[in-house]
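Reader: Please take a close look at one pair of packed helices in this model. How do the two run relative to each other, and what meets what between them? Then go on to other sites that deserve a note.

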Amino acid sequence: MKQFLNFINGEFVATGKTFDKRTPTTNAVIGAVHEAGRPEVDAAVAAARTALSGPWGQIGVVKRTDLLHKLADAINARFDEFLAAELADTGKPHSLASHVDIPRGAANFKVFADIVKNVPTESFEMVTPDGGKAISYGLRTPVGVVAVVCPWNLPLLLMTWKIGPALACGNTVVVKPSEETPATATLLGEVMNAVGIPKGVYNVVHGFGPDSAGELLTRHPGVNAITFTGETRTGEAIMAAAAKGVRPVSFELGGKNAGIVFADADFDKAVAGILRSSFENCGQVCLGTERVYVQRAIFNRFVASLAAKAAALKIGPPDLPGVGLGPLISAEHKAKVLGYYARAAAEGATVVTGGGVPAMPAELADGHWVQPTVWTGLPESASVVRDEVFGPCCHIAPFDTEAEAIALANATDYGLCTTVWTGDLGTAHRVAAAIEVGLCWINSWFLRDLRTAFGGAKASGLGREGGVHSLEFYTELRNVMVKL
Ligand code: NAD
Ligand code: 6OD
């Protein structure tokens, strides 16, 4: 049985308390995760603090970023191991993890290493009151020990999206992976040692949130800043923990994202785009589209086409040829999603396709499968139109005017992203300006350039990461004023 150990000060650490890791395709136990308690969290934070003023703090930006390039190359060299670990943990399609999750796991280190090496700092000259001169300049220093609390939907991608910039800026990290997906964070410890990242720079503590490693870490006084990706409610709890000591937080939280399809859009591309944004990763993407608004002239045709394509998605395990939909992450999450499916039906939805559990072969019968589901006919107040389901489903409603589409899309507490489909540039830019989100995709979805700002508005997050925006969080900007 695989043992998922904590990684503290460059060493793998077992604890006396373990919990099962199950694979979502069969629900079989595939490993034991060693839960960190207070002693392990204390040791991880202490190791990170020592490393901060030790070799990691001394080597300088060129050597540091060279090491991060080596780290990325080493991830790529062990690509198949990372891929296998991610597939076993999540059950997502091989094609998705091999094209998105693992390549981004390496790219996140290279991109931020290059950005940090090349970013200019500000400097100003001034005339002083006595007629002399002064110059001032900005000096960026690491913020310190960063706690990185991660979700399960894109484990390696989202973890490295945080530790890439954190380490590039000279910080050290203690990572708390999701209890559902311990594998790639653990494997990364081996790679850190192999490329010579100093001990204590990267630490991993396994466990749950409340009363476990997550809470112990985020409440730890030795942590200087907390970056978190996950549910909005969890963000609220972590924000309360961060208040002690007034420690900065960066939050990427939940969403209830709208897709807006105008009648002048390229129909086939719009259907394909919404199919992807609603069903990729079995709907377990914070950027996913669970509310679709379609202009009335093409509404019926769009619903029929999207539903047909959703129903045709091949459901199965990662290596099934042509698979389009994997399982949900856990039995608990399956129960939550099916609860929403039942509520939608009870609230009067027209279930255009799906709404239940697919028939699966006997060997997969205990996996966390649900059908891709399309609803119409619900009021905007219905549960599945308001709440983030985080499953393979969407509700489609018609609209008549641009103003109506914008009002519908904005009528939510969340504000992560939107995807707009139109053939008219003017429409595209007007909607992008009016929509209350951090990210707006036009005729596309999840198109990423890591130099750009990423984050959510309203209840979908706090702060922006990506490109130089990450530096705002992972460094302190000190102003030095020199009287000449
Ligand atoms: P979650 O909030 O349940 O858990 C995320 C992490 O927080 C886990 O590691 C968990 O153990 C930990 N945690 C839970 N309670 C804690 C506490 N009180 N203190 C400290 N740590 C705690 O989220 P999830 O179910 O893993 O992920 C799904 C959610 O994440 C969805 O809401 C999704 O929208 C969101 N998400 C957002 C983004 C984004 O970029 N905005 C990206 C991915 C996922
Ligand atoms: O692409 C990224 O950098 C990113 N943070 C994606 C988030 C996806 C949410 O599920």
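Author: Helices α4 and α7 are roughly antiparallel to each other. The term belongs to a scale on which angles under 35 degrees count as roughly parallel, over 145 as roughly antiparallel, 65 to 115 as roughly perpendicular, and the rest as oblique. The model is a predicted one, in which local features need pLDDT of at least 70 and side-chain atom pairs count only at pLDDT 80 or more, while totals for chains, interfaces and linings use all residues; side-chain values use heavy atoms, with hydrogens and water left out. Residues are numbered from 1 along each chain as its sequence is written, and chains are lettered from A and ligands numbered from 1 in the order in which they are written.

Two packed helices are described by the angle between their axes and the distance between the axes. For α4 (residues 79-90) and α7 (residues 183-195), the crossing angle is roughly 160° and the axes come within 9 Å. Axes here are lines fitted to C-alpha atoms, for helices over the stretch in contact, and angles run from 0 to 180 degrees between N-to-C directions. Helices (H or I, at least four residues) and strands (E, at least two) are DSSP runs, numbered from the N terminus.

On the α4 side, Glu81, Phe82, Ala85, Glu86 and Asp89 meet Ala183, Thr184, Leu187, Leu188 and Val191 of α7, where contact means heavy atoms within 4.5 Å. Six of the residues in this contact are nonpolar, one is polar and three are charged. In that grouping Ala, Val, Leu, Ile, Met, Phe, Trp, Tyr, Cys and Pro are nonpolar, Asp, Glu, Lys and Arg are charged, and the others, Gly among them, are polar.

Helix α7 also holds Val195. Val195 is buried at 17% relative accessibility; buried means under 20% relative accessible area, exposed over 50%, and partly exposed in between (1.4 Å probe, protein chains only). Beyond its neighbours within four places in sequence, Val195 is in contact with Leu67, Lys70, Leu71 and Ala74. Leu154 is 41 residues from Val195 along the chain, and their C-alpha atoms are 24 Å apart.

α14 passes α15 in a right-handed crossing. Glu402, Ile406 and Asn410 of α14 make the contact with Thr427, Arg430, Val431 and Ala434 of α15. These residues divide into three nonpolar, two polar and two charged.

Some single sites remain. Gln295 of strand β14 is buried, with a relative accessible area of 18%. Not counting residues up to four places away in sequence, Gln295 touches Val261, Phe262, Ala263, Phe399 and Asp400.

Cys282 lies in the loop between α10 (267-279) and β14 (289-295). Cys282 is not a glycine, yet has a positive phi of about 55°, and at 1% relative accessibility counts as buried. Val246, in the loop between α9 (232-243) and β12 (249-252), likewise is not a glycine and has a positive phi, of about 45°. Val246 is exposed, at 74% relative accessibility.

Methods: Left-handed = near helix turned anticlockwise from the far one by under 90°.
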